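Thank you all for coming. I would like to walk through one model this morning, beginning with the picture and then going through its parts in turn.

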2 protein chains.
Amino acid sequence: MKKQSAVSILAALAQDSRLDAFRLLVEAGPQGMPAGHLAASLELTPNALTFHLDRLRDAGLVTVRREGRSMIYAAQFETMNKLISYLTDQCCQGRPELCRPGTGKVRRRALASS
Amino acid sequence: MKKQSAVSILAALAQDSRLDAFRLLVEAGPQGMPAGHLAASLELTPNALTFHLDRLRDAGLVTVRREGRSMIYAAQFETMNKLISYLTDQCCQGRPELCRPGTGKVRRRALASS
DNA sequence: GACACATTTCAACAGCACTTGAAATGTCTA
DNA sequence: TAGACATTTCAAGTGCTGTTGAAATGTGTC
C-alpha cells in the first residue's frame, strides 16, 4: 500500500459519523445495508450521509450497489485489512519486539516509557 | 479504547508530514530523535514541525523530553498498538472469517516504502 | 403518466487545518 | 552577561471539511 492511500483511508476513518457508519457496515457483513437504514441509525440527514459515504467510497472502504430504490452500501474488508497491515509494518518496522498487535496479545515488557 | 480516542489518533496520522514523522520516530526506537533532525529529514520549517508534533502528542502517539537544547521526540508504540487492536476489532467484529489479512495467517510482505 | 419514495446533487456558510514569517523562550558556551 | 543555537509561540492568510436546506435524479406503484 502506498503512503498516499494510507493517508486517504485514515482521513476517511478519522471522523465520528464515518467511523460509526463503517462499523455498522462491518456488522452488516458483505450483504451490506441500505443508505436509509444507515441514515436512521446514525441520525443523519440523507444528504449528510451521502457526503460521508462518498468519502468512505473514495477511500475504498465501502462499495455501493443499487437495489430497487435503495442504494446498498457494504464494507470493503480488504481495504481495512490492508490499512491494518500497513500500520503494523509502520509500527514494527525493524523492531518487531516493540510492536506486536493484531492477536490481542501485546507484549509490553520491552517498552520503555519516559 | 474509546471511539473518540480512535478518531483523534486516526486524524493525527491522516496527514503526510505526520505519518512520515511517526514512521521516522518508529525507526528511531524508544530513544527517540531530536526535533531538529526530524525537521531536516522531513524538510519542514521548525514551527511547522512543532505544529504537527503537537498533534501527534495530543493524540498520544509521541512523547517529548528535553535534552540540553534539543527536544527529543519518541514514538509511543503502545498507542499505535491500541489503535490497531481497535481497528482489528472493528473490522472483524462478530465475523472473523471476513477479516483476516492474507488467507490464513498474517501475511508479511516486504516493507512498503513511501 | 402522475405520484411517492430513496438518494444524490447543488449552493452557501461557519469553522478548523495547514502554511508562512516574525518574534519569543529556554539552554549552552565563552 | 552576551551571543548562538534549538525550538516554540504568535499572528495572518488560504483552503478544505462538515453542516444545512432546497432542488434534482432515479425507481417503483397506481
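What share of the contacts in chain A with a separation of 6 or more comes from residues 24 or more positions apart? The answer is 49%, where two residues are in contact if their C-beta atoms, placed from the backbone, lie within 7 Å.

Residues are numbered from 1 along each chain as its sequence is written, and chains are lettered from A and ligands numbered from 1 in the order in which they are written.

The score called pLDDT is the predictor's confidence in each residue, from 0 to 100, and chain A averages 87, with 82% of the residues scoring at least 70. Over residues 101–114 of chain A, however, pLDDT stays under 50, and the model has 22 contacts beyond four places in sequence for that stretch. Where pLDDT is low, the predicted coordinates should not be read in detail.

Let me turn to the elements, where helices (H or I, at least four residues) and strands (E, at least two) are DSSP runs, numbered from the N terminus. Chain A has 5 helices and 3 strands, and from the N terminus on they run α-α-β-α-α-β-β-α.

The 3 strands of chain A form an open sheet in the order β1-β3-β2, with antiparallel pairing, and two strands are said to pair if DSSP finds at least two bridges between them. The edge strands are β1 (33–34) and β2 (62–67) of chain A, each of which pairs on one side only. Between β1(A) and β3 (residues 70–75) of chain A there are 2 bridges, and here A:Pro34 stands opposite A:Ile72. Between β2(A) and β3(A) there are 6 bridges, and A:Arg65 stands opposite A:Ile72. The hairpin of β2(A) and β3(A) has 2 residues between the strands, and A:Gly68 takes a positive phi near 65° there.

Next comes burial: a residue is buried if 20 or more other C-beta atoms lie within 10 Å of its own, exposed if 12 or fewer, and partly exposed in between, with C-beta atoms placed from the backbone. Of the 114 residues of chain A, 34% count as buried. In chain B, helix α1 (residues 3–13) has B:Ala6, B:Ile9, B:Leu10, B:Ala12 and B:Leu13 buried. Seen down the axis of α1(B), these buried residues fall within an arc of 160°, so they line one face of the helix; the arc is that of the directions from the helix axis to the C-beta atoms. Their cover includes α1 (3–13) and α2 (16–28) of chain A, together with α2 (16–28), α4 and α5 (77–92) of chain B.

Key
This is a predicted model: local features need pLDDT of at least 70, side-chain atom pairs count only at pLDDT 80 or more; totals for chains, interfaces and linings use all residues.
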